[in-house]
Amino acid sequence: MPKRAVTLSALAGAALLAGTGAYAFAGETGSNGSNGSTRSTGSTGPEVAKASVVYVAPSADKDGSLTFTARVSDDSGVRNLKVLAWPESMTPAPDAKDMAHVESATCEPSGPSGDKAALCTYTVKVTSAEAAASPNGAWHVGVLASAKDGGRTFAPKAAGFAVEG
């Protein structure tokens, strides 16, 4: 397995982040191409809004946690939201293809009955060892939102925060 895939898998599993942040992202993207990449088309992909991340640091006797939430909407409905935490120092930065092997948030319908929106939440525990191994500095949460009609939106920096040692 390439070093980059191992790094991304470790980051996705551990989600070693700290701090809080809130951002919104909306883009025009279409369904994936044959190579799995997101490509821009005339159709509008899902909108990711009100993205935020909350980190609770682990203590000597209790694990911490990382929780990412976002409101995702699309006219056809929301299929899923993939979530990846990554340090800004990581080069190259993850792209839409890297999101294929990361975990998905849990998405629940939200809003009025005619609204095709979902509140998506991703939570992972963070141990003291994982927190200690995290690079200090800026971190981002990247997301790949998929709609029921196949439209996709990739936001490499849906939320951001800092890890401090």
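The structure holds 1 salt bridge, a term that here stands for a side-chain nitrogen of Lys or Arg within 4 Å of a carboxyl oxygen of Asp or Glu. The model is a predicted one, in which local features need pLDDT of at least 70 and side-chain atom pairs count only at pLDDT 80 or more, while totals for chains, interfaces and linings use all residues. Residues are numbered from 1 along each chain as its sequence is written, and side-chain values use heavy atoms, with hydrogens and water left out.

The partners in the salt bridge are Asp 63 and Lys 125, whose closest N and O atoms are 3.6 Å apart. The pair links distant parts of the chain, since Asp 63 sits in the loop between E2 and E3 and Lys 125 in strand E6, 62 residues apart. Asp 63 counts as partly exposed because its relative accessibility is 37%, and Lys 125 counts as exposed because its value is 52%; buried means under 20% relative accessible area, exposed over 50%, and partly exposed in between, with a 1.4 Å probe and protein chains only. Side chains of opposite charge can pair when their charged atoms come close.

Seen as a whole, the protein chain has 2 helices and 8 strands, and along the sequence these follow the pattern α-β-β-β-β-β-β-α-β-β. Helices (H or I, at least four residues) and strands (E, at least two) are DSSP runs, numbered from the N terminus. Of the 165 residues in the protein chain, 44% are buried. Among contacts (heavy atoms within 4.5 Å) between residues at least 6 apart in sequence, 67% join residues at least 24 apart.

Strand E7, residues 137-147, is mostly covered, with 9 of its 11 residues buried. On one hand, E7 runs antiparallel to strand E4 (residues 78-87), to which 9 bridges join it, and here Leu 84 stands opposite Gly 142; two strands pair if DSSP finds at least two bridges between them. On the other hand, E7 pairs in the antiparallel sense with strand E8 (residues 152-163), again over 9 bridges, and Trp 139 stands opposite Phe 161 in E8. E7 and E8 form a hairpin with 4 residues between them, and Gly 150 in the turn has a positive phi of about 100°.

Strand E8 also contains Thr 153, which counts as buried because its relative accessibility is 0%. The side chain of Thr 153 reaches the backbone oxygen of Pro 46 at 2.7 Å.

The interior can be followed through its nonpolar cores, each a set of buried Ala, Val, Leu, Ile, Met, Phe, Trp, Tyr and Cys residues joined through side-chain atoms within 4.5 Å. The largest nonpolar core has 26 residues, and those with the most contacts inside it are Val 53, Phe 68, Val 72, Leu 81, Val 83, Val 141 and Val 143. At least two residues of this core come from each of strand E2 (47-56), strand E3 (64-73), E4, E6, E7 and E8. A second, separate core of 6 residues includes Leu 84, Ala 96, Leu 144 and Phe 154. In soluble globular proteins, nonpolar side chains tend to be buried together.

The C-alpha atoms of Gly 111 and Arg 71, 40 residues apart along the chain, are separated by 9.9 Å.

Technical notes. Polar contact = N/O pair within 3.5 Å; in protein donor to acceptor, adjacent residues only side chain to side chain.
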